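Hello,

Here is the structure I promised to pass on. My notes on it follow below.

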Amino acid sequence: MNDKAGVFTISLDTELAWGMFDKSNIDKYEHAYRNTPEVINRLCELFDEYEIPATWAVVSHLLEDCDGDHSDRMSPDLKWVDDWFGKLPCASGMDEDLWYAPWLIDRIQDCETEQEIGLHGSTHMQLGASSCSRQHAEEEIRIGVETLRAHGVEAKTFVFPRNDIGHVDVLREHKIKTFRGSDDRWYEQAPVPSTVKAPLRFADEATRRAPPVVEPIERNGVIEIPGSQVFRPSYGGWQYTPGESSVLRAIKGLQCVAQTGGIFHLWFHPFNLGHNPDQELGKLERVLKVASKLVKEDKIVSLNNNMIREKCGSI
Ligand SMILES: [Zn+2]
Ligand SMILES: [Zn+2]
């Protein structure tokens with residue numbers, strides 16, 4: 001392996017309805033959620049075909065059947081939802097197929113390539129929100145770590161729900177060693193309102209701007225790997241960006257790290273590909289094909305997030 005080779009890494013926010021239940025727009029995504037088991041299966045097949053190790057950050061409650069009783073837990077006082085634990089998908093009568101996926105770990109672990117299972121919270125609580133106390137974060141992370149452990153997985157990587165970073169020290173206490181940082185673009189890293197972010201994100205796609213090359217950074221004893229690019233689907237407004245901008249941008253990201261070293265960190269939610277699985281998986285396959293070719297030419301390596309942390313050595 002060429003030690004100076006650029007790195008391609010993928011992280012996947014794996015959540016089904018846990019990602020949106022508090023925003024009351026499940027109906028908008030239901031079709032995509034129902035296609036997500038198929039998408040996950042086909043992603044596993046693609047990662048094996050092109051020998052891509054990825055990091056799957058899962059909401060751990062996906063693994064647990066539940067009668068909806070969370071009366072032992074205290075809801076954070078979030079602005080947009082009154083009673084967090086009363087509103088959970090398991091507590092609100094939602095169809096189980098939208099929030100329960102007991103097959104998930106086995107399917108990912110059946111891959112021949114080294115897939116990493118990390119954590120995306122136990123209930124997708126937004127840990128960086130001002131009313132989310134350390135105690136809320138401690139419970140949310142501890143329960144997630146324990147649930148994964150009960151399924152034979154030691155979580156080493158965390159993805160903050162909505163990339164809202166907070167209470168990083170709690171990760172370290174629970175032996176989580178890596179987390180995904182915000183994308184390395186000034187408007188993703190600053191407290192900029194979403195009305196400002198949206199057109200800037202759109203402009204990056206519209207101009208097919210090369211995504212940033214990132215490097216790991218140590219934060220409170222945990223390694224942050226910033227994001228480079230969200231693999232945007234062709235809906236939700238993104239269908240209006242010219243051509244297949246997400247594919248072209250990702251290929252630029254791969255070519256950049258092949259030339260300069262550093263990390264190209266692509267991420268998305270499996271359900272993002274669920275609105276039109278054939279089309280979206282076909283687009284991703286074009287990216288993986290280029291990645292696989294560059295790996296064979298010894299110009300890049302393909303690593304999951306934890307493998308990057310192991311390569312950094314210190315933590
Ligand atoms: Zn529950
Ligand atoms: Zn999420």
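This is a predicted model: local features need pLDDT of at least 70, side-chain atom pairs count only at pLDDT 80 or more; totals for chains, interfaces and linings use all residues.

Residues are numbered from 1 along each chain as its sequence is written, while chains are lettered from A and ligands numbered from 1 in the order in which they are written.

Ile300 is also among the residues that touch the most other members of the largest nonpolar core, which has 79 residues. Such a core is a set of buried Ala, Val, Leu, Ile, Met, Phe, Trp, Tyr and Cys residues joined through C-beta atoms within 7 Å; buried means 20 or more other C-beta atoms within 10 Å of a residue's own. Helix H1 (residues 26-49) gives this core its largest share, eight residues.

Now to strand S5 (residues 178-183), where five of the six residues are buried. Helices (H or I, at least four residues) and strands (E, at least two) are DSSP runs, numbered from the N terminus. S5 pairs in the parallel sense with S4 (residues 157-158) over two bridges, pairing requiring at least two DSSP bridges. Threonine 157 has threonine 178 as its bridge partner. Strand S7 (residues 222-227) also runs parallel to S5, joined by five bridges, with aspartate 183 opposite glycine 227.

Overall, the chain has ten helices and ten strands.

Best wishes

Technical notes:
A residue is buried if 20 or more other C-beta atoms lie within 10 Å of its own, exposed if 12 or fewer, and partly exposed in between; C-beta atoms are placed from the backbone.
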